[in-house]
Amino acid sequence: MKADHQQTKIEPPIAFASNRLVLLVLLGLTLLRTAAVAISPLELGVDEAQYWLWSQSPDFGYFTKPPLIAWIIGAAHWAFGHSAMAVRLPACWLQLATALVLWQTASWLYGPRAGRLTALIWISLPAVGLGSFLISTDTPLLLAIALALLALAGSVCGKIPRARAMIYAGIALGVGMLAKYAALYGLFGFMLIWASGRHHPNPIIQGRHLLLIIAACLITVSPNLIWNVMHDFSTMRHLGDNANLAKQTHDIRQILIFLIGQAGVAGPLVFFLMLGIIFAARREKHAGWLVWMAVPVIGLISLQAYLSEANANWAMAAYPALSVWLGGWLGSDGAQKTLLRLQRKWLGIAAVGLNFTLTIGLLLATMAGSLGSLTPASDPLRRLRGWQALAQDIEPHLAAHQASRIIADRRATAALLSWHFHGQDVTIMIHDRDGMPSNHFEANHSWQNRAGSPLLVLSGSSTPPIMPPIKWQGSPSQSKIMIGRNKSRDLYIHKGIE
């Protein structure tokens, strides 16, 4: 009796202290990531600049992506002003929110220790570290998928009434589709959970519940669906173009390259351990449905890699479920012997510790704006340098030629110049040579001849591009900007009269 009383007295403070410590780690890392965003010399990437440009014209859809990323960036830009920090700031805090949601999900399914481990696994994933610095459509998508998982976990554990949980899950997936159509993987996972349990006496998802999920999802994403109908399904067509299935390679080596890339996305040891869900699915209750939210995603993208090509981040939708399962597995019995006769707790310490090491290294690299001595011959950060210098090179030519219109050589240049000339009377355009728009600028900022108007045209060649209505004036000037150790961005600035 006395021992029981002492146990009851001691346990809560330990649990509270553990929760508080993990929360401090999550918050501390997020604050460091915020500092990295604030002080980094790295400029916006092309996609970030384009998302920002979209945010200046709020809509329910855009040429290549659904609207949520533009809404988020637009709100941050309005609140914090015109700076790269404002554009990127939501990323690390959305990742923190995802970690907290997954913490609660794993706590419901596997217990408090599993919840804490899951949060640490998520926040330390290398892809999450990169996604906390560069904002992308994956960032809100992953939070939405995590919320859908939380709703389903709440239903499974009796924390949320089943019908209400399914509506919540459908809304979350609908919001995810407003971020990126890869949220369909989540909906596909729910369908697989339903199909696999149809003949079970107490299925996790019944047919009527699946209909609730689909209905709630469609209602939530309906503004974007209507926008697509009104704009010739431009976003959906771009999704098909991205898959690039018209140029099939049937190269099995691409599957291997894609899977090796997942070790970079999740961390080498963490990804290896995550694959254990395949073996646990038959004997462990929650793994039996979590596996449907994860493994099919990796399988489908592996098939895509075989047929054509696939980027490593295309499978990110699998990782919320994989993180929850791994947190549950590592937290279930820390003393149990497993791989190489190591205890699970030591495997967890090694896996998460390695990822935190990679995360801190990435954090320092983003703060410094350089990989230092680890910089490869093809510096991956080169695309985030030199755009402001290009704008400064162009400014005197605009003044001398009395021009306010620039035709950029490509989408990346157009997006970044739009960012750097924000608030000035300068129009950035692109030349749609075949009349078939393949990007946002060709569709919405295509050059239209304005007789007698002076303009600048950027080109990678010293020879003026063939644009018959334009009469070229004088010799071109060159902008040569170093963006890497042995790499420069060279553009010629041609002056002309339309």
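## An aromatic cluster

Tyr51, Trp54 and Tyr62 form one aromatic cluster. Rings of Phe, Tyr and Trp (for Trp, the six-membered ring) pair if their centres lie within 6.5 Å; planes under 30 degrees apart count as stacked, over 60 as edge-to-face and the rest as tilted. By this rule the model has 5 aromatic pairs. One of them joins Trp54 and Tyr62: the pair is stacked, with 4.9 Å centre to centre and 0 degrees between the planes. Trp54 is buried, at 1% relative accessible area. Tyr62 is buried too, at 5%. Buried means under 20% relative accessible area, exposed over 50%, and partly exposed in between, with a 1.4 Å probe and protein chains only.

The pair Trp325 and Trp329 is also stacked, at 6.0 Å centre to centre and 20 degrees between the planes. Both sit in helix H17 (residues 319–332), 4 residues apart, so about one helical turn separates them. Trp325 is buried at 1% relative accessibility. Trp329 counts as buried at 16%.

## Basis of the model

This is a predicted model: local features need pLDDT of at least 70, side-chain atom pairs count only at pLDDT 80 or more, and totals for chains, interfaces and linings use all residues. Residues are numbered from 1 along each chain as its sequence is written, and side-chain values use heavy atoms, with hydrogens and water left out.

## The chain as a whole

The protein chain has 21 helices and 6 strands. Helices (H or I, at least four residues) and strands (E, at least two) are DSSP runs, numbered from the N terminus. The radius of gyration is 25 Å, close to the 23 Å that the globule rule gives for 498 residues, so the chain is as compact as a globular protein of that length. That radius is taken over C-alpha atoms, and the globule rule is 2.2 Å times the number of residues to the power 0.38. Along the principal axes, the C-alpha atoms fill a box of roughly 95 × 50 × 45 Å.

Buried residues make up 50% of the 498 residues. Contact means heavy atoms within 4.5 Å. Of the contacts with a separation of 6 or more, 73% link residues 24 or more positions apart.

## Surface and charge

The accessible surface of the chain comes to about 23,200 Å². Carbon and sulfur atoms account for 63% of that surface. Areas come from the Shrake-Rupley method with a 1.4 Å probe; for residues, only the protein chains shown count as cover.

The chain carries 38 positive and 23 negative charges, and their mean positions are 12 Å apart. Lys and Arg count as positive, Asp and Glu as negative; His and the chain ends are not counted. Each charge is placed at NZ of Lys, CZ of Arg, CG of Asp or CD of Glu.

Thr105 belongs to helix H4 (residues 84–110). Thr105 is buried, at 1% relative accessibility. Leaving aside neighbours within four places in sequence, Thr105 is in contact with Ala146, Leu149, Leu150, Ala153 and Val324.

Met293 lies in the loop between helix H15 (287–290) and helix H16 (295–307). Met293 is buried, with a relative accessible area of 4%. With neighbours within four places in sequence set aside, Met293 is in contact with Leu149, Gly186, Gly189, Phe190, Ile193, Ala317, Ala318 and Ala321. Gly186 is 107 residues from Met293 in sequence, yet their C-alpha atoms are 6.2 Å apart.

## A glycine in helix H12

Gly264 is in helix H12 (residues 252–266). Gly264 is partly exposed, at 48% relative accessible area. Its contacts, leaving aside neighbours within four places in sequence, are with Pro126 and Ala127. The C-alpha atoms of Gly264 and Leu358 are separated by 9.8 Å, and these residues are 94 apart along the chain.

## Positive phi in two loops

Phe233 has a positive phi of about 55 degrees although it is not a glycine. Phe233 lies in the loop between helix H10 (207–230) and helix H11 (234–243). Phe233 is partly exposed, at 38% relative accessible area.

Gln402, another residue other than glycine, has a positive phi near 50 degrees. The loop that holds Gln402 runs between helix H19 (387–401) and strand S1 (405–408). Gln402 is exposed, at 68% relative accessibility.
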